[in-house]
Each structure stands twice: as structure tokens, then as C-alpha cells.
Amino acid sequence: MRNPVYYEDVSPGHGTLQPRSWTAGSDARRLDLSGEWDFRLSPTARPDDEAFTEDGFDPAAAPGWRSVRVPGHWVLQGHGEPAYTNTRYPFPVDPPRVPDENPTGDHRHVFDLPADWPGDGEVVLRFEGVESCARVWLNGRVLGDFQGSRLPHEFAVGGLLRPHGNVLAVRVHQWSAGSYLEDQDMWWLPGIFREVTLQHRPEGALDDFWVHAGYDHTDGSGLLRVDCPQRARLTVPELGVDLASGEDLRLPVEPWTAETPRLYDAVLSTGSEAVSLRIGFRTVTVEDGVLRVNGGRVLFRGVNRHEFHPETGRTVDAETMRRDLVLMKRHNINAVRTSHYPPHPAFLDLCDELGLWVIDECDLETHGFTHVDWRGNPVDDERWTPALVDRARRMVERDKNHPSIVVWSLGNECGSGKGLGEMARWIRDRDPSRPLHYENDPDYPDSDLHSMMYARQSKVDEIGRAGATRKPFILCEYAHAMGNGPGGLTEYQRLFEKYEHCQGGFVWEWTDHGLPRRTADGRDFFAYGGDFGEPVHDGNFVCDGLVFPDRTPSPGLVEYKKVVEPVRITGDGTARTVRVRNLHDFADLSALALEWSYEVEGEPLGGGRLPLPHVPAGGHADLELPAPPRTDVAGEAQWTVRAVLAGDTAWAPEGHCVAWAQLPAVPAAPTTAPASGAQVAPRRDGSSLTLGPASFDAVTGALTRLGAVPVEGLRLDVWRAPTDNDEGAPWKPGSGPGTAWRRLGLHRMRHRVDAVECDDAGLTVRTRVAPAASDLALRAVYRWTATDELLRLDVSVDPEGTWEVPLPRLGVRLALPGAYDRVRWFGGGPGEAYPDTRAASLVGRWEESVDGLQTPYVRPQENGARADVRWARLTDAAGGGLRVAAGTAYFWLTARRWTSEHLDAAAHTTDLVPDDRVYVNLDHGQHGIGSASCGPGVLQRHKLMVSTARFGFTFSAVAGDEG
Ligand code: IPT
């Protein structure tokens with residue numbers, strides 16, 4: 001066999017410099033080479049045609065040359081197509097060989113040095129990230145090659161540069177030996193996707209440096225020391241520090257934590273190069289099985305973050321990085337796992353600044369070997385060890401100065417092997433100040449944390465009850481946020497709060513990776529796996545984030561914010577007592593103010609502030625609410641108490657709500673059927689029946705009109721378009737109930753009217769609702785009664801047979817003309833909620849269009865239900881329509897311009913075409929959501945098991961002039 005070509009070589013590369021610390025703040029000259037570069041895409045690796053690296057080559061005169069933006073991915077710029085797989089390698093598993101079909105991008109850029117570019121010292125050519133393998137030439141001379149896509153690589157180029165017309169040529173292969181180490185669940189996106197710079201290294205420049213800034217919580221002192229190969233001085237003006245490298249200093253400081261990200265501006269200088277830094281003092285330890293920072297136990301309210309921008313892929317601009325972090329902070333998220341590779345280094349600067357705990361993860365995943373029983377797994381084959389250790393080194397050396405990084409992670413989903421041990425050994429030796437993470441069994445030697453993925457709540461409880469062992473426990477991934485969900489967050493959080501060594505988790509994941517595309521008729525949608533003709537793909541599994549691709553928060557993020565709120569407000573609205581618990585790990589509550597409002601029937605009647613005393617982290621305060629502002633207004637009343645920011649912060653303005661609670665003050669008056677005295681009898685009128693404000697078909701018993709509003713198809717409904725979590729994990733058939741639902745035929749129930757009975761007091765319609773090919777059924781009886789104004793429906797449901805599957809939903813559905821598209825309701829809102837995703841549902845009066853009620857999940861599925869609805873009105877532009885009020889139990893309200901069947905059939909949002917109706921579901925019950933698209937399903941108490949049910953509604957007409 002021939003010698004390996006460089007892109008099939010397991011070694012990490014050739015000709016590159018030793019890794020060193022990231023130095024954004026250096027005053028040495030640098031030249032950003034970003035811009036439009038000449039570009040040619042070849043379907044194979046073409047190692048023989050290297051003419052483009054030469055001086056005299058003219059791309060304009062050569063065939064196939066176009067241009068590409070650097071940094072960027074060529075497949076997102078019209079050259080080739082992106083492709084998505086989760087774990088499967090999209091090429092034959094034959095490490096380290098790759099197929100001949102190996103899209104290769106030749107890049108060429110001609111540049112001049114600025115006129116005042118210094119003549120002394122050395123110059124370094126730096127690549128922040130290239131996927132997956134590059135060979136580099138400057139002015140016709142080969143510099144070398146490298147692999148390790150999301151890691152920096154540098155070459156010394158001083159001797160080769162000239163003032164004008166430098167020719168930089170980079171050949172980038174989509175597939176390389178390195179691809180076997182980069183099987184992360186994401187789009188395959190080749191290209192020079194992070195910046196390329198030229199960096200002057202003056203004589204005596206800082207080759208590397210490490211600012212060690214610890215914090216001794218026992219006496220409040222900072223421990224400062226700088227290590228660097230040169231003699232350098234560190235000045236911290238605010239602290240009056242002027243310290244020589246290699247010397248230790250102890251001095252009083254304010255510590256850095258994610259809650260209080262105190263940074264000190266500093267300058268590290270050798271005389272010929274000065275680097276501006278921001279120093280955060282903090283010390284990370286594992287003591288008695290608990291992860292502590294500055295002596296305090298930390299609780300991760302985390303997310304896994306991939307780098308993703310819908311237009312530019314893993315080329316993420318600084319604004320998007322900041323926007324992500326601001327959104328996280330606003331949603332009470334305090335931790336990021338950089339799944340599954342080191343992010344752009346600027347992201348970590350922002351984490352230091354805004355305050356997030358970071359698990360910095362190495363660029364490593366070999367998950368695809370699971371499909372060949374882990375044969376040939378590179379982490380267990382010593383030929384690959386240098387490449388693995390090289391990756392660990394490049395990460396640690398680049399990122400070591402960030403206070404936000406509290407844990408290093410070896411990578412993700414590689415099984416186990418000796419290579420991981422070598423990485424762990426190297427990291428521990430180089431940086432004993434941070435614990436190490438790798439997800440595996442509790443005794444795994446290469447992790448200082450016991451880390452699991454997608455464990456169910458009962459497992460976390462079991463680990464909690466077992467007590468602290470040597471290792472703190474985290475869920476490095478949990479709560480799979482694919483589509484509608486994740487459900488069950490509250491139950492996890494209570495466990496993390498209960499057991500000291502259960503230190504939280506990281507929701508999978510931050511953002512959907514949908515790519516914007518347009519239909520032939522010009523409508524925009526987000527594409528996912530398979531939309532680019534990929535022969536092997538994993539569909540919409542790439543859309544499993546808490547935010548939509550454009551960073552619009554999904555209901556899952558709003559829910560997470562509420563569940564992980566760092567202040568818990570409880571109390572008794574009748575007794576007017578409030579307890580405020582400070583769930584921060586470090587910060588007191590001085591940044592917050594407490595506001596109350598008093599609402600009757602959802603209308604605020606007054607509000608104010610409650611003085612908040614000093615409450616240290618972990619403490620609480622008991623407060624008293626004032627007398628209700630008014631007692632003359634009858635109706636259901638409640639207090640809403642909010643903890644809001646008392647002043648502007650770097651991530652949200654004053655008044656931003658951090659935590660809230662609602663405390664019932666006066667219960668709702670029980671609604672009863674219309675008083676019998678006022679009840680009216682049905683009247684037969686030809687083929688129709690009139691009952692109070694309503695008309696019915698006398699033969700079928702179907703409601704046809706309420707006041708002026710035509711009504712169609714009111715009947716029992718149990719179907720919902722299965723969510724991704726209902727469908728379950730693709731590799732675990734049956735893990736969600738969706739398969740069983742379809743097998744049983746819940747999506748095609750048949751309705752039979754057995755009797756339409758009129759009596760003096762009303763109308764009774766007896767029906768049997770059942771799926772084909774089964775003898776299971778639901779007997780549904782609709783009992784209609786009325787006064788002149790009100791129409792009352794009482795539904796009774798009695799199951800027949802033994803139902804083993806829960807129902808998707810249980811309620812009635814009806815259709816109205818499309819004009820009734822304005823919705824007002826008193827109940828939970830403003831966003832959607834389901835039984836196990838309802839923590840953030842705030843009781844109030846809300847108003848929304850039918851279109852605005854929809855949550856545009858990238859793959860359409862059940863969405864948009866509003867919880868605890870007391871009453872709702874659907875009206876047209878003139879304000880006329882109908883009102884529906886709850887019977888003895890509040891209901892779930894859903895309204896959309898398409899049916900559940902239509903929603904179920906849609907693959908993309910653009911498949912949802914409104915017809916001329918509004919379909920309304922009034923549900924007595926909904927099945928929970930869970931997280932079975934990858935993790936555990938719905939908890940027992942949130943399942944909608946089949947049983948006898950009684951529920952009802954009162955309908956009335958709303959006249960236009962009331963609107
Ligand atoms: C887990 C992966 O670590 C993560 O990258 C992502 O693929 C996630 O699943 C699902 O979206 S691995 C899974 C088999 C538990």
C-alpha cells in the first residue's frame with residue numbers, strides 16, 4: 001500500500017508551531033485576511049494539480065475558479081451542498097482512509113503587507129478553524145498541513161513574506177483522517193470557517209502566557225501569578241499591581257463567579273509586546289464529591305451550545321455570540337458546555353465578561369464507530385494518540401486564561417479507550433487547577449465528574465439518595481429540546497436543588513440548526529437533514545434547540561427560564577405572606593427588586609414594590625403583602641409577585657423579570673349549569689333544532705350555529721399531530737407513544753351517532769368513537785342545555801375495552817369560519833403549555849391572533865395549547881363571535897387554521913396552508929410531552945391515561961358591538 005497522503009495521515013499535521021494562548025488583546029500588528037478569496041471546488045482530492053499555489057497563476061483565466069467568502073463554508077455559498085448525519089459517518093468506515101469522492105476546495109488569496117508593517121521579528125500565519133484538513137502554501141512554498149477543525153494552527157512565515165503580491169494558497173479537503181474524530185451531531189460543513197490572520201511577533205514577543213488568578217474564600221484574597229517563557233510584567237492598575245512573571249502575589253480582591261463576573265483589566269508586557277487582559281479570580285475544587293468554586297457549591301443551569309448561524313453555519317459573528325449569551329442570561333442559564341468542540345475564542349471572552357460557567361470540550365467525537373461495534377475506534381488505537389493529545393493541547397493552550405472555564409472535557413461519545421487516558425494525563429499534568437469531564441460510568445478514570453446523558457428523573461433521585469461519592473454528578477446532556485418540549489424539567493430541577501452533589505445539567509441543546517431555504521413559489525422555511533438530497537441523513541434530529549434557528553426563543557426556553565429561576569417565590573395569597581428564597585450560589589439579592597400586582601379576573605387593580613432585605617445566597621426572607629388595593633370588585637383574585645432587575649446589567653435592562661410566582665387570593669366562583677328556572681326547551685324547526693342561542697341538525701344532533709356564528713363538526717377529539725417527543729428516538733422504536741397511537745388508529749377515529757334525544761330540558765347525543773380494526777371505543781355523550789343566552793355542553797366519556805396506551809388529548813373540537821381569528825382568553829399564557837411544560841404559564845388576560853398562537857416548530861407538530869383557560873372568545877374583525885367558558889375544570893385551548901391531520905402530514909412549515917376555517921380544540925386533558933426524542937418519556941403523572949371523564953363548557957354569542 002502507498003504511504004498515507006497527508007489527509008489520510010493519523011498524525012495531527014506537519015510544519016505547524018507549538019500551540020499558545022489566545023491573545024486578542026496584543027498590541028503586535030496583525031492583518032486580518034478575511035474577505036473574498038479565489039476558489040475552486042473539485043469533487044476529489046486532486047493532489048496533483050498544484051498550479052494554483054504558484055505566483056503566476058491567474059484564476060480568472062483558469063477553468064472552474066470562482067470566489068468564496070473567508071471565513072465561511074463553501075457549501076453554504078453555492079458550491080456543493082451541506083449534509084446532516086447524527087452519528088453515522090457519511091462515508092465507509094475504514095479509518096483512516098476516506099473516499100475518492102472528497103470535495104476539495106482550493107482557496108487562493110493575494111495580499112500586500114501594509115506599508116508600515118514592521119520589518120523585525122517573526123510573522124505567524126494563524127488559522128482559527130478549517131474543516132477538516134488543510135495544506136498551506138505561501139508564495140509557492142508549502143508550509144505544511146493540519147487537521148483538527150475547530151482548533152487553531154499556526155505557521156512561521158516571516159522569511160517568505162514580501163511587501164506586495166503575497167500568494168496564500170490553501171487546499172481544504174472535506175474528508176480526512178481527522179473526520180473520524182469529528183463525528184459530532186451536526187451539518188458537515190467544510191471550509192475555512194474561522195479567521196485567517198497574519199500576526200507580527202516582535203523580537204522578545206510573548207510566546208505564551210498563563211495568568212493564574214485563584215481566590216482564597218477563607219480570607220478573601222486573590223492569588224496571582226503569571227507564567228511565561230519570557231520575562232514579563234503584569235500590571236493591574238485597579239489593584240495597584242505591578243508583578244514580574246514567575247512571582248506570586250496575594251492581595252485582597254473581589255472574586256469572579258458566573259453570578260458576579262468581576263474582571264480586572266490588566267496588561268502583560270515584555271517591553272516589545274503588550275497584551276491587554278481581563279483577569280477573574282476564582283478557584284475550582286472538588287471536595288467531598290462536590291464541585292465548588294471559591295468554596296461554594298455550584299449548580300449548573302446549563303445548555304449545550306453548538307456554533308451555528310442559519311446563514312453562515314459554524315462561522316458565527318461576534319454579534320451572534322453576544323446575542324446567544326445575552327439570551328441565555330435573560331433566561332437564567334448560567335452554564336455552557338461547548339458541545340462538542342472548542343468554540344470561537346471570542347465566545348469565551350464573552351463568557352468571562354457576562355458570567356457563565358463553561359465546560360470547554362475538545363474537538364472529538366467518534367460516535368459513528370458504534371455502528372461497527374466500535375471496531376477500529378481511534379480512541380482505542382494508539383496510532384491516533386498523538387492526534388488526540390494534540391487536540392487536547394491545542395484546546396488547553398488556547399483557552400487556559402479564561403476564568404469562565406471551570407472544567408475541561410475530553411470530547412463526546414467516543415466510547416472508551418487508552419487514547420482518552422493519554423489526553424487526560426496530559427491535561428491533568430498541564431492544568432491541575434481544573435477538573436476533567438468525560439461522560440461515562442462513575443468509576444471512569446478519565447473524568448473527575450460522574451456524568452450521564454438523558455438519565456431519567458428517578459435515576460437522578462437514586463444517585464442523589466446514594467449520597468456524595470468521590471465525584472460530583474452532572475447531566476452533561478438532558479431534556480432533549482427537539483420540537484415541542486422538553487417536558488419534565490421541573491422534576492429534574494427539584495432533584496438538583498435537593499442533593500448537593502447533583503449539580504445540575506445541560507439541556508440538549510441551545511439552537512435548532514435549520515438552514516433557511518425558499519419554496520419554488522417564494523415562501524421561506526428552515527430545511528433539515530434530507531432536504532439536500534443526502535443519501536444518508538438523520539432528518540430533523542438536527543433541530544433540537546431551545547431557540548429557533550433565527551434565535552427566536554421557543555416555548556422550551558421560556559419554560560427552562562422559569563424552572564431554573566435563581567429566586568423562588570412562594571407564599572399564601574390569602575394570608576398575604578411571601579417567602580423569597582435566594583437560590584443563587586454566590587450573589588445576594590441586592591441586584592433585584594420585588595414587585596407585586598393584584599389582579600381580579602386577570603385585570604390588574606394595583607401594584608407596587610415590596611422592600612427586599614439583604615438575603616445572602618442560600619438564604620430566604622419572609623415578607624408581607626399589603627392589603628389588597630380594592631375589595632369591591634368580585635371575582636377570582638390573585639397576587640403576581642416578580643423579582644426584577646433593580647438596575648441595568650450587561651445583559652438586560654432594569655425591570656427585566658428574573659423570577660415570579662402567582663398566589664391565589666380569592667378562588668374562582670364555581671361555574672354551574674344554567675339555573676334550571678331559566679332553562680329553555682329545544683324547539684324543532686324543520687330539519688333543525690333550536691336550543692337557546694344555538695341551532696342543531698335535528699337528525700345528527702350536530703351543533704350548526706351559535707348566535708350568528710356557523711359552527712361545524714363539534715365532536716370528541718383525541719388526536720394530536722405527534723411531537724418529536726411523541727415519536728420517540730429513531731434508534732429506539734416505540735420509545736414514544738406515537739407509534740402505538742398510529743398502530744391503534746387514533747389518527748383515524750370513526751364516530752357513530754347512536755341516539756339524538758330531545759327532552760324538555762335539552763338535547764342528548766349519544767355516540768361511539770372508535771378506531772377501525774379494534775373493539776376499543778370511547779362512548780361519548782353530549783348533553784346540551786341552555787338559557788336564552790347560554791349554551792351549556794356536558795360531555796361524558798366512558799371507555800370500552802382495555803386501553804393500554806394513553807390518549808394524545810381528550811376534548812372536543814369544532815370549526816368556525818376563518819374570519820373568527822382573534823382570540824382573547826383568561827387563563828395561562830402568553831405562550832403554549834402542556835402538562836409537563838406548564839411552569840411558565842402565567843394566569844392572566846391574553847390576546848392573540850390565531851396565527852400568533854402557532855409555534856412554528858421547524859418540523860410541524862402539535863403546538864400552541866394554552867393551559868388553565870377559564871374563558872376564551874373567538875371574534876372577527878367587527879368583534880362578533882363566540883365565547884366559551886370552563887365548566888368545573890379549566891380547559892386547554894388550541895386554535896389553528898388547519899386540522900391536526902393536516903399538521904401531522906406537514907414536513908415543513910410551508911406545507912401548512914390555511915383553509916377557510918379556524919379549528920378549535922377545547923381539551924379536558926393533554927398527554928405530557930416528555931423528552932423521548934432522545935431521553936426519557938412522559939412521567940406517569942403527566943400521562944393521559946384512558947378513564948371515565950366528565951367535562952363541560954358554556955358557550956355564548958358575542959355581539960360585534962361588544963368587541
Ligand atoms: C447525544 C449526543 O451526545 C449529542 O451530540 C446529540 O446527538 C444528542 O445525543 C441528540 O441530539 S448521544 C445520544 C445517543 C444519547
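Predicted model: local features only at pLDDT ≥ 70, side-chain atom pairs only at ≥ 80, totals over all residues.
Student: How many residues surround the ligand?
Tutor: The closest residues are Asp185, His340, Asn412, Glu477 and His480. Counting every residue with a heavy atom within 4 Å, the number around the ligand is 15.

Student: At what distance does a polar side-chain atom of His480 lie from an oxygen atom of the ligand?
Tutor: His480 is listed among the closest residues to the ligand. For His340, a polar side-chain atom lies 2.7 Å from a ligand oxygen. For His480, the distance from a polar side-chain atom to an oxygen atom of the ligand is 2.7 Å.

Student: Which residue has a side-chain N or O atom 3.0 Å from an oxygen atom of the ligand?
Tutor: A pair of N or O atoms within 3.5 Å counts as a polar contact. The residue whose side chain has an N or O atom 3.0 Å from a ligand oxygen is Asp544.

Student: Is the peptide bond from Ser339 to His340 cis or trans?
Tutor: Most peptide bonds are trans. His340 sits in the loop between strand S27 (335-337) and H2. Omega from Ser339 to His340 is near -20°, and the bond is cis.

Student: What is omega for the peptide bond from Trp508 to Glu509?
Tutor: Glu509 belongs to the loop between strand S33 (502-507) and strand S34 (515-518). The bond joining Trp508 to Glu509 is cis, and its omega is near -5°.

Student: What is phi of Asn332?
Tutor: Asn332 is placed in the loop between H1 and S27. Most residues other than glycine have a negative phi. Asn332 has a positive value, near 65°.

Student: How many charged residues are in the contact of H1 with H2?
Tutor: Helix H1 (residues 318-330) packs on helix H2 (residues 345-354) at about 35°, with the axes 10 Å apart. The contact is formed by Ala318, Met321, Arg322, Leu325, Val326 and Lys329 of H1 with Ala346, Phe347, Leu350, Cys351, Glu353 and Leu354 of H2. Nine of these residues are nonpolar and none is polar, and the number of charged residues is three.

Student: Are H3 and H4 roughly parallel or roughly antiparallel?
Tutor: Helix H3 (residues 385-399) and helix H4 (residues 418-430) have axes 9 Å apart and pack at an angle of about 30°. Angles under 35 degrees count as roughly parallel. H3 and H4 are therefore roughly parallel.

Student: How many nonpolar residues does the contact of H3 with H4 have?
Tutor: H3 and H4 cross in a right-handed way. The H3 side of the contact is Thr385, Leu388, Val389, Ala392, Arg393, Val396 and Glu397, and the H4 side is Gly419, Leu420, Glu422, Met423, Trp426, Ile427 and Arg430. By class, two are polar and four charged, and the number of nonpolar residues is eight.

Student: Which residues of H7 make the contact with H6?
Tutor: Helix H6 (residues 489-498) and helix H7 (residues 555-563) have axes that come within 10 Å and cross at roughly 30°. The two helices are therefore roughly parallel, and the crossing is right-handed. H6 contributes Leu489, Thr490, Gln493 and Arg494, while the residues of H7 are Glu559, Tyr560 and Val563.

How values were computed
Residues numbered from 1 in each chain as written. Heavy atoms only, no water. Axes fitted to C-alpha atoms, helices over the stretch in contact; angles between N-to-C directions. Helix = DSSP H or I, 4+ residues; strand = E, 2+ residues; numbered from the N terminus. Parallel < 35°, antiparallel > 145°, perpendicular 65-115°, else oblique. Left-handed = near helix turned anticlockwise from the far one by under 90°. Contact = heavy atoms within 4.5 Å. Polar contact = N/O pair within 3.5 Å; in protein donor to acceptor, adjacent residues only side chain to side chain. Nonpolar A, V, L, I, M, F, W, Y, C, P; charged D, E, K, R; others polar.
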